[in-house]
Amino acid sequence: MVLLENDSFLTELTRLFQKCRTSGSVVITLKKYDGRTKPVPRKGHSETFEPADNKCLLRATDGKKKISTVVSTKEVIKFQMAYSNLLRAHMDGLKKKDKKSKSKKTKATQ
């Protein structure tokens with residue numbers, strides 16, 4: 001997985017969206033990141049680790065290529081605006097969900 005800066009992550013995410021426009025999908029995950037690189041031990045020796053500030057880890061993959069970035073609290077507003085504009089621009093090809101009529105449900109229950 002490639003850890004990128006915020007701006008380069010957004011440009012690579014744009015490339016992933018363009019590559020998967022006709023077929024395929026892009027999976028994006030977001031989670032809290034505390035800066036640890038090693039797992040927390042289960043028992044015994046437990047370290048008290050306090051992160052300096054809260055961060056978010058964003059990951060994106062198309063199944064073949066994986067990219068990620070870490071967003072600090074200072075950059076959240078700027079990144080959120082750019083990220084939301086990017087999502088709005090590339091989510092135009094979504095299919096509408098088929099709605100089943102209520103009359104079929106009522107006939108089936110009677």
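Trainee: Before we start, what should I know about the model and its numbering?

Mentor: It's a predicted model, where local features need pLDDT of at least 70 and side-chain atom pairs count only at pLDDT 80 or more, while totals for chains, interfaces and linings use all residues. Residues are numbered from 1 along each chain as its sequence is written, and side-chain values use heavy atoms, leaving out hydrogens and water.

Trainee: How many helices and strands are in the protein chain?

Mentor: Helices (H or I, at least four residues) and strands (E, at least two) are DSSP runs, numbered from the N terminus. Here you get 3 helices and 4 strands, in the pattern β-α-β-β-β-α-α along the sequence.

Trainee: What is the order of the strands in the sheet?

Mentor: In general, strands of a sheet pair through backbone hydrogen bonds, either parallel or antiparallel. The cut-off is that DSSP finds at least two bridges between two strands. In this model, the 4 strands make an open sheet in the order β1-β4-β3-β2, with mixed pairing. On average, neighbouring strands are turned by 25 degrees against each other, direction ignored.

Trainee: How many bridges join β3 to β4?

Mentor: There are 7, between β3 (residues 55-61) and β4 (residues 66-72), and the two strands run antiparallel.

Trainee: Which strands does α1 lie across?

Mentor: Two ideas to start with: contact means heavy atoms within 4.5 Å, and axes are lines fitted to C-alpha atoms, for helices over the stretch in contact, with angles from 0 to 180 degrees between N-to-C directions. α1 lies across β1, β2, β3 and β4, at about 145 degrees to β4. α2 also packs on the sheet, touching β2, β3 and β4, and makes about 145 degrees with the direction of β4.

Trainee: How do I read a pair of aromatic rings?

Mentor: You describe a pair by the distance of the centres and the angle of the planes. Rings of Phe, Tyr and Trp (its six-membered ring) pair if their centres lie within 6.5 Å; planes under 30 degrees apart are stacked, over 60 edge-to-face, and the rest tilted. This structure holds 2 such pairs. Phe 9 and Phe 79 have ring centres 6.3 Å apart and planes at 40 degrees, so that pair is tilted. Phe 9 is in helix α1 (residues 6-19) and Phe 79 in helix α2 (residues 76-90), so the pair ties together parts 70 residues apart in sequence.

Trainee: And what about Phe 79 and Tyr 83?

Mentor: Those two are stacked, at 5.8 Å centre to centre with 10 degrees between the planes. They sit 4 residues apart in helix α2, about one helical turn. Together, Phe 9, Phe 79 and Tyr 83 form one aromatic cluster.

Trainee: Is Tyr 83 buried or exposed?

Mentor: Buried means under 20% relative accessible area, exposed over 50%, and partly exposed in between (1.4 Å probe, protein chains only). Tyr 83 is buried at 13%, as are Phe 79 at 7% and Phe 9 at 0%. Across the chain, buried residues make up 22% of the 110 residues.
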